[in-house]
Amino acid sequence: MDSRQFQAMQAQVRQLLVELTGKQVEELREMFDRCTSLADCLTIIEARGNRMRRCPHCQGERLYRHGVFYGLQRYRCRECGASFNALTGTPLAFIRLREKWLPFLQCMLNSMTVRGAAQAIGIHRNTSFRWRHRFMMMAKDARALPLGGIVEADETYILESQKGSRHLTRPARRRGGTASHRGPSKEHDCILVACDRTGKASDFVTGCGPVTAAQLQQCLPPVLAPGVLLATDGAVAYKAFARAAGIEHRAVNIAAGERVVDDIIHVQTVNSYHGRFKSWLRRFHGVASKYLPNYLGWRHALDGGRVPTPQHFLRAVLFLLVI
């Protein structure tokens, strides 16, 4: 459309708006918002498709364009004959209503509940729940690594939950319930968080009960840069891990009231991260243990404004960008 045609259309729209009621103008605005969201969403998805060089089915490289399906460019592989698009093989494949993806991601940036997001953008609550975890399945491991310098590591505990499970392995608890006794136990999920002083962080759900040296050996070495100084509380597991891994280690005796050693060794950064996560998690009134990694990834994306817009969120999900 050239500029003259566009100006003529603008004049017609202005004349039409005078005759519309307030409700009709609002409906028209919502329609334009949906069109803009769909165009932005398809543009971001197609950018991923343009980078595809291999068939997701056979890893073949002889590809050609093969029509458009639901607004997305479809490709066909000359080697295996299968067709695919930019979303094939991802958790976002076969999800419709793409004009609502960006508004939904904005709801996630606002930390809205399942029902709140569903009501805000006009989808069913089950769809809202499914979308939440489809998006986070792709983004949950997008971390800026490795951690360097002084790295703080500490664990926090959340009561284990089998919410939504059809086959409980223990007696049901009314509205979440409480543990049978104080302190970490096999009734709690252990969340291990490691972070450095630059803001980088990595987290792990190590299972039920207090963390062990074997679990630390499995989680921490891949995310630590050479020559780090590990700062922890006085738990024996960290001492055993650091000794076995050959990592310099300093412990803060929290039980004795010690908070800082030599003015720089402390675990206040990681404990602050724990506090922000638990405070944020309360709005969901309990989450199933199997979904904890997704919620940790979600909180990591929000922490410090790492994902400022829905468009950035979708790019991070599709391109597995570091956040």
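This is a predicted model: local features need pLDDT of at least 70, side-chain atom pairs count only at pLDDT 80 or more; totals for chains, interfaces and linings use all residues.
Mentor: Let's start with strands β5 (residues 188-196) and β6 (residues 201-208), which pair in the antiparallel sense over seven bridges.

Trainee: OK, which residue does Ile191 stand opposite in β6?

Mentor: That's Val205.

Trainee: And what sits between the two strands of that hairpin?

Mentor: Four residues, and Gly199 has a positive phi near 105° in this hairpin.

Trainee: Switching to helices. At what angle do α3 and α4 pack?

Mentor: About 145°, with the axes 10 Å apart; α3 covers residues 101-109 and α4 covers 114-121. Their crossing is right-handed.

Trainee: Which residues make the contact?

Mentor: From α3 you've got Pro103, Phe104 and Cys107, and from α4 there's Ala117, Ala120 and Ile121. By class, that's six nonpolar residues, with no polar and no charged ones.

Trainee: Now pockets. What's the volume of the largest pocket?

Mentor: About 670 Å³. Its lining has 23 residues, and Ser161, Gly176, His285, Gly286 and Val287 lie nearest the centre.

Trainee: How does that lining split by class?

Mentor: Seven nonpolar, eight polar and eight charged. β4 (150-159) and α8 (268-281) each supply at least two of the lining residues.

Trainee: What about the second largest pocket, which residues lie nearest its centre?

Mentor: Val114, Arg115, Phe129, Arg132 and Lys163, out of 19 lining residues. The volume of this second largest pocket is about 500 Å³.

Trainee: Which element gives the largest share of that lining?

Mentor: α5, with five residues.

Note on methods. Residues are numbered from 1 along each chain as its sequence is written. Side-chain values use heavy atoms; hydrogens and water are left out. Axes are lines fitted to C-alpha atoms, for helices over the stretch in contact, and angles run from 0 to 180 degrees between N-to-C directions. A crossing is left-handed if the near helix is turned anticlockwise from the far one by less than a right angle, and right-handed if clockwise. Contact means heavy atoms within 4.5 Å. Ala, Val, Leu, Ile, Met, Phe, Trp, Tyr, Cys and Pro count as nonpolar, Asp, Glu, Lys and Arg as charged, and the others, Gly among them, as polar. Two strands pair if DSSP finds at least two bridges between them. On a 1 Å grid over the protein atoms alone, a cavity is a set of points where a 1.4 Å probe fits but cannot get out, and a pocket is an open set with protein on both sides within 12 Å along at least five of seven lines; lining residues have an atom within 4 Å of a point. Grid points are joined across faces, edges and corners, and a volume is the space filled by probe spheres set on the points.
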